[in-house]
Structure formats: structure tokens, C-alpha cells
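Colleague: I would like to learn how to read the features of a model like this one with care, term by term. Could we go through them together, with the general idea before each case?

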Amino acid sequence: VGAGLKPAPTLILDSLATLIYTSGTTGEPKGVMLTHGNFLSNCQACAQVIPINDRDVYLSFLPLAHVFERLAGYYLMIHQGAVIAYAENIDTVPQNMMEVQPTVMCGVPRFFEKLYGRVMESVQQSTGLKRKIAEWAFELARRGGVTRPEQSRRAPPLQKWQPQDIPSCLSDRSVGAGLKPAPTLSRTIADLLVFRKLRSKLGGRLRFFVSGSAPLAKEIAEFFHGVGILIIEGYGLTETSPVISCNRLDRFRFGTVGLPVPGVEVKIAPDGEILTRGPHVMKGYYKMETPTKEVLADDGWFHTGDIGEIDSDGFLKITDRKKDLIITSGGKNVAPQKIENLLKQDEYILDAMLYGDRKKYLTALLIPNLSKLESYAKEQSISWTSTVELLQNSAIQQLIRQRIDLKSTELAPYEQIKYFVLLDKPLSQEAGELTPTLKIRRKIVTEKYRDLLEKLYTDNPY
């Protein structure tokens, strides 16, 4: 130690490392006390199931104030010796991917939804034979069309994947029940003409994405896997530092958040709530003894507040937030995130929030894709002088109604949306409507638009 410098104090695993405040989607933000032992155990557990090494290049764009990026995109990368590059901001990520050529990236579901939307929009903007080929190829992708392509697993020089790194897409365990691999010749042609070009726009060396913070739509994961890009979905909370479970490169099931990581226990309570126990669980909430006791039992089991189930192979599936469940006046339980994710897959709908707790039917706030609606209006010779006028046009309302009905064919009658409101501007972090990881703060949004929502339960909602 240099002159005048004092040695760092000796740390023990139970020493407090940080306070991270929860996003407050369901209530007042709370300071989560996480220890060095919490983070170290989670790093070591993740390193055993997600192969990161000193040849990887990671592109970071999520906020480091959030525990997902802090652990997965910072601590884990340093622990494994990977290089970290930082995007200037969210808008420059596509350009930065071309510059950095990352091998690994973390994202939230909204990032992958937007990426999917841009891909589909580029297809619609193309014409003739080029469009037909793209539509054919991407339909192939939706059916689990391509096996893992040869890719680099490291920074230059490029190297081929090793057999043990290549997850099979030929079993139900990998791609989900009901998906059939496309013929070898078809996927070879699709990869040559379409998929390879898409992967090159993501830097060309991406080994895999990691998705967390909220449920990823199964269809989105299947599509990207079809074009040769695996998204490993995981699950965790700020209070669990954060990783509880995740899929693996060689063992994954779309629509689930994978298997518990080493050293972590998971079980389902009688009411369906997911409980977890292990070295990853927080010490408690800062100066909040009562809220701590409400979620952390004396025997160490932490109550996540999420509803889920474990299948026969041990894969964990999240169905919804316990506090987000909508209970209709008819006594039916509705998981809103499942329906919201369905709606957001439509090209005309960017975001959605369901409403209807203790009501006789469901309604929704919808954020439309204004550029798509404006293009549609021009094609249909619909005139308008403002965004509000466009959204109130009967033809536009009918279009959105048709899109909702199309996405609702497999929903139970009590899960279907009877009326909706189209907002003329997106939800934002600046207005307090979204968390840093782009999840809707339901309480705030509901209060802000309560009058509009309640009007949907009057005799003449429109």
C-alpha cells in the first residue's frame, strides 16, 4: 500500500454491497439490501450455466442502476474476463452493434419486440420477388426453420462453433412442442438468402442474447431461433440479486424461464406463487422491517409475488404477477401479461395495458403504431388533420378492432377485450409511466387514464 493510503477493509460475504431500489410497478419503491455474497453466489451460479469467457465482447445498453444489467452485464462479464463496450444510448444500439460486433448481449422483451417489428416492417417495405422470398423465409423461421448456424464465439479471429456449443433444434425440449424443423435444403436456402443478412446487421458474431426483467413472448423467441439467433430467457428479481432461473444453450424451452441456477431452490406455493431460497436472496428492505417480513419468511423462503408453474422436466413458467392478476366481477382470474404480449405482436400495436379488475368485462389502453396507421390511412384515402382525429376515425377503430379479434381467437370469452382506447402518444419513463426496463407502471398509468378507462364501462363508451 502506497504512502498515505489505507488498506481496504476486509469484507465478508454478508457485508452490504449496495442498495438498489425496486421500480415500484406495484407500490412504493423499496431499498433492497444486497450483499457481496449475494452477487458473488449469483455470478458463480450463472457462470456454470451460461458460457462467458475472456474471448467474449459484450455490448451494454441497459441501465446499470437496474440489477439485471448490474449482475449479468457488468459483474458477470468482469468475473469471466469478457470485454464490455457501452452504447451511447438506446437509439444508437443498431449502429453500435455493427461497430462493436458483440458476441453476447442482454435485453428486455421490449427490445426484442422492437427488433422483430423492424424486421417485419422492412419486409413490408420491400416489393416483388425480394418480398416473396423474405416472407417465405420468415414463415420458415416461425416454424423453427433453421439449426444453429456456424458463427464466431469470440472476437477476431473468427472460429467455428464446437459441437458442445450447438443446441439442437430437433427436439421438443429445445423448440417447444408442435414445432417441426423445416427440410434441410429449405433452411439452407433461407439462411443463404435472408437469415445470414439479418445476423450480419446484428454485428455478425452474436452467440446469443439474454432476455430478462419481464416475460418474453414465446413466438418472438421461436422466430429469432428460427433465423439462427438464440435468446436465452431467464428470471429473477432485484431481491434475488437477481437470477433465479434461466434457460441454457444446450437445454431450453421457449415460453419458460428455464431451470433454477445452481444453489437456488424454487417451489410453488399452494396459491401458485413462486418461492425461492438460497444465497441469492437479499438481507431485506432498508429500514422497512414490516415489508421485509411480508416477503421473507423465517425459514429463508422469499415470496416473489409472481405466479407460475414447474413442468415435469423442471422448467419454470411465469404466468403473471400475483398483484397484477385481474379478477372480473364474474370471479374469473385473468393474467394480463399473456394477453398484452399477444396484442404487442401485432404490427399496428406497440404497447398495451389491460384493465378490468372487478369489472364485468376487460378493456385496454393501446399505444398504436402511428406510422403504420398513417400509411394505412393514406392507402384507404382517409383524411385527417391531427393524430387525435386519425385515431377517432371509424375506419381506424374498425381496423384495430379486427386486429384485436384476430389475436384473440384462442382466448376464453372472459379474456377477450370488449372496448379499447387508443392513446395519441407513447408511454414514457420521463412521465413516470415506464420503469427503466420499459415495464408499465400500472398504478400510475391507471390513475392517469382512469377517466378514459371508466368511460368504457358506461352505456355508450364510444
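Colleague: In which sense do strand 17 and strand 18 pair, and over how many bridges?

Modeller: In general, the strands of a sheet pair through backbone hydrogen bonds, either parallel or antiparallel. Here strand 17 and strand 18 pair in the antiparallel sense, over six bridges, where helices (H or I, at least four residues) and strands (E, at least two) are DSSP runs numbered from the N terminus, and two strands count as paired if DSSP finds at least two bridges between them. Within this pairing, Y355 stands opposite T363 in strand 18. Please keep in mind that this is a predicted model, in which local features need pLDDT of at least 70 and side-chain atom pairs count only at pLDDT 80 or more, whereas totals for chains, interfaces and linings use all residues. Residues are numbered from 1 along each chain as its sequence is written, and side-chain values use heavy atoms, with hydrogens and water left out.

Colleague: Which order do the strands take in the open sheet of seven?

Modeller: The seven strands follow the order 4-3-5-6-7-8-9, again with mixed pairing, and the edges are strand 4 (83–86) and strand 9, each of which pairs on one side only. Strand 6 and strand 7 (residues 231–236) run parallel and are joined by three bridges, and S211 stands opposite E233 in strand 7.

Colleague: Which helices lie across these strands?

Modeller: One of them is helix 3 (residues 93–100), which lies across strand 3, strand 4, strand 5 (104–107) and strand 6, and runs at about 165° to strand 3. Helix 4 (residues 109–125) lies across strand 5, strand 6 and strand 7, at about 130° to strand 6.

Colleague: How many salt bridges are counted, and by what rule?

Modeller: A salt bridge is a side-chain nitrogen of Lys or Arg within 4 Å of a carboxyl oxygen of Asp or Glu, and the count comes to 23. Among them is the pair D56 and R207, whose closest N and O atoms are 2.7 Å apart. D56 lies in the loop between helix 1 (36–49) and strand 3 (57–60), and R207 in the loop between helix 7 and strand 6 (208–211), so the pair ties together parts that are 151 residues apart in sequence.

Colleague: Are D56 and R207 buried or exposed?

Modeller: Buried means under 20% relative accessible area, exposed over 50%, and partly exposed in between (1.4 Å probe, protein chains only). D56 counts as buried because its relative accessibility is 0%, and R207 is buried, also with a relative accessible area of 0%.

Colleague: Which residues does the salt bridge at 3.0 Å join?

Modeller: In that case the side chains of R253 and D313 meet, N to O. R253 lies in the loop between strand 8 (243–246) and strand 9 (259–260), and D313 in the loop between strand 13 (302–310) and strand 14 (316–321), so the pair ties together parts that are 60 residues apart in sequence. R253 is buried, with a relative accessible area of 18%, whereas D313, at 29% relative accessibility, counts as partly exposed.

Colleague: Which residues are linked in a network of salt bridges?

Modeller: The network links D346, E347, K372 and R403.

Colleague: Where is P436, and what is it in contact with?

Modeller: P436 lies in the loop between strand 19 (417–422) and helix 14 (442–448). Contact means heavy atoms within 4.5 Å, and, leaving aside neighbours within four places in sequence, P436 is in contact with P63, Q429 and R441. P436 and H66 are 370 residues apart in sequence and 7.5 Å apart in space, C-alpha to C-alpha.

Notes
Axes are lines fitted to C-alpha atoms, for helices over the stretch in contact, and angles run from 0 to 180 degrees between N-to-C directions.
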